[in-house]
Amino acid sequence: NTIDEFGAKVLFESLENQPTLASLNLDYNNFRGRGIQELGKLLRTTNSLKSLSLNHVSLSDQHVGSFCNGLWKNNSLERLELASNFLSSKGAKLIASAIRATQTLAVLSLDDNKIS
């Protein structure tokens with residue numbers, strides 16, 4: 001199944017009040033802009049999410065800022081997978097800045113992006 005931007009909004013809003021959500025795998029979806037913005041909101045509000053996989057979701061520098069806004073405020077994420085997206089050095093710098101703000105992230109995957 002493919003989750004689009006509208007589906008992502010509905011999904012992430014429904015997950016905001018799930019205190020036991022520990023792992024979320026959204027690989028191979030294409031929810032971009034609005035969906036990434038809603039995911040950022042989820043990251044700001046959840047305290048239970050430990051692992052998030054966003055491999056092959058077409059995440060680009062254009063939308064990574066919305067995602068990082070949530071990442072900066074998240075204090076539970078330990079593993080983040082962002083392989084095979086469209087991130088360049090610019091997007092990687094935003095992610096690195098957000099990671100510095102949190103002290104829980106132990107594993108980060110950025111394989112197969114456009115980082116130079």
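1. Basis. In this predicted model, local features need pLDDT of at least 70 and side-chain atom pairs count only at pLDDT 80 or more, while totals for chains, interfaces and linings use all residues. Residues are numbered from 1 along each chain as its sequence is written, and side-chain values use heavy atoms, with hydrogens and water left out.

2. Elements. The chain has four helices and four strands, in the order α-β-α-β-α-β-α-β from the N terminus. Helices (H or I, at least four residues) and strands (E, at least two) are DSSP runs, numbered from the N terminus.

3. Dimensions. The radius of gyration is 13 Å, which agrees with the value near 13 Å for a compact globule of 116 residues. This radius is taken over C-alpha atoms, and the globule rule is 2.2 Å times the number of residues to the power 0.38. The C-alpha trace spans about 40 × 30 × 20 Å along its principal axes.

4. Packing. Buried residues (under 20% relative accessible area, 1.4 Å probe, protein chains only) make up 47% of the 116. Of the contacts (heavy atoms within 4.5 Å) with a separation of 6 or more, 83% join residues 24 or more positions apart.

5. S58 sits in the loop between β2 (51–53) and α3 (61–73). D112 lies in the segment after β4 (107–109) and is exposed (over 50% relative accessible area), at 59%.
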